[in-house]
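Here's a quick tour for anyone meeting this protein for the first time. Have a look at the model, then read on.

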Amino acid sequence: MNHNSSSPAQPIVPLNDGRFDVHAHFLTDRYRAEASAAGHSQPDGMPGLPVWSVELALQSMDRFGISTAMLSVSSPGVHFGDDDAARALARSVNEEAAAAVRAYPERFGHFASLPLPDVQGALAEIEFAFDVLHADGVVLETNHHGIYLGDDRFDSVFAELNRRKAVVFIHPTSPNCTCCQNPSLGFPRPMVEFMFETTRAVSNLLLKGVLKKHPDIKLIIPHAGAALPILVDRIIGLSPALGLDEPVAPDEVFGQLRKLYFDLAGFPVPRLLPALLSIADPDKLLYGSDWPFTPNAIVESLIQKLAETDQLDEAFKRKIFSQNAHSLFSRFARR
């Protein structure tokens, strides 16, 4: 299903505006075929897999004044039940993304996919992605076949990413819910449930001490922090009743939150952004389009709302749209 079938119009903003998109997805032909064969032709309850190509991506980027997009595979990731197949698919999508980066090094970056929950496969792919393909970071789903980020089984993966001071982009996927059959009430999971998935995963990382243990990972949280800005006081306040090995210190948690990066994909204005600004470092807010899963017309509307909001001054908007990302990804820094 092509969510972006209309031909690109004239750019709504000049290309030299230099927007930097950290939340942009891609789908290769092989990925589309293997995801469909595994039952994901309508991933997470969405109408279908959108059409993607380098050419379509560049057309949309030009239309929206996006100079650079970081490519990542979206939900449900690359592991459909078989470790060997997942390793092969991860390698395939990572090599195709790297080829796009080589062809257009100023226009594209790449977050490598890992075949989790296969930890050994993931460690091997981290080495290949960074040392051979020169990936800009990795993408992790909020849970991998029910194993949530923060689980001890992923300790070695986080240790290696911390050693490399890696950028890690978290992306929500459908929840692993064995206690209820219809958590999203029949609506596509990205509409509501993805927000709780992100909050669930980041809360686990905080409460399990993963962020404290691995302080050199540069973690990007999607969708303006999801429900985390609203729920963080409740999470901290109830934590003494959890019997944790190490008590949660509020000042420490808020310090960890200010080290996180947050993309503003989705609908951050007018209500979510003020809540996010109460916990986040303004220098770590980033723009994200969520294209092509978000159609062109909605991407255009969201850019305009963010560009025109009176909740931010023009200097702050420039930081969100480009300057903060250039600081995070030094190879794209303006010279």
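Predicted model: local features only at pLDDT ≥ 70, side-chain atom pairs only at ≥ 80, totals over all residues.

- Eight strands make up an open sheet, in the order 1-2-3-4-7-8-9-10, and their pairing is parallel.
- Strands here are DSSP runs of E with at least two residues, helices are runs of H or I with at least four, and both are numbered from the N terminus; two strands pair if DSSP finds at least two bridges between them.
- At the edges sit strand 1 (19-25) and strand 10 (285-286), each of which pairs on one side only.
- Strand 2 (residues 66-72) and strand 3 (residues 108-113) run parallel and are joined by three bridges, with Leu-71 standing opposite His-110 in strand 3.

- Strand 7 (residues 167-171) is largely enclosed by the rest of the structure, because five of its five residues are buried; buried means under 20% relative accessible area, exposed over 50% and partly exposed in between, using a 1.4 Å probe and protein chains only.
- Both of its faces are covered: Val-167, Phe-169 and His-171 are buried on one side, and Val-168 and Ile-170 on the other.
- Strand 4 (residues 137-141) pairs with strand 7 in the parallel sense over four bridges.
- Strand 8 (residues 218-221) also runs parallel to strand 7, joined to it by three bridges, and Phe-169 stands opposite Ile-220 there.

**The nonpolar cores**

- In soluble globular proteins, nonpolar side chains tend to be buried together.
- In this model the largest nonpolar core has 81 residues, and those with the most contacts inside it are Phe-108, Leu-140, Leu-161, Leu-219 and Leu-276.
- Such a core is a set of buried Ala, Val, Leu, Ile, Met, Phe, Trp, Tyr and Cys residues joined through side-chain atoms within 4.5 Å.
- Helix 3 (residues 83-103) gives the most to this core, with six residues.
- A second, separate core has 14 residues, including Val-139, Leu-286, Ala-325 and Phe-332.
- Leu-140 touches several residues (contact means heavy atoms within 4.5 Å), among them Leu-114, Phe-158, Leu-161 and Ile-170, not counting residues up to four places away in sequence.

**Helix 2**

- The buried residues of helix 2 (residues 54-63) are Val-54, Ala-57, Leu-58, Ser-60, Met-61 and Arg-63.
- What covers them includes strand 2, helix 3, strand 3 and helix 11 (296-308).
- Just after helix 2, Gly-65 takes a positive phi of about 65°.

**A buried histidine**

- His-214 lies in the loop between helix 7 (210-213) and strand 8.
- What does His-214 touch, not counting residues up to four places away in sequence? The residues are Asp-155, Phe-158, Ala-159 and Asn-162.
- His-214 counts as buried because its relative accessible area is 8%.

Key
Residues numbered from 1 in each chain as written. Heavy atoms only, no water.
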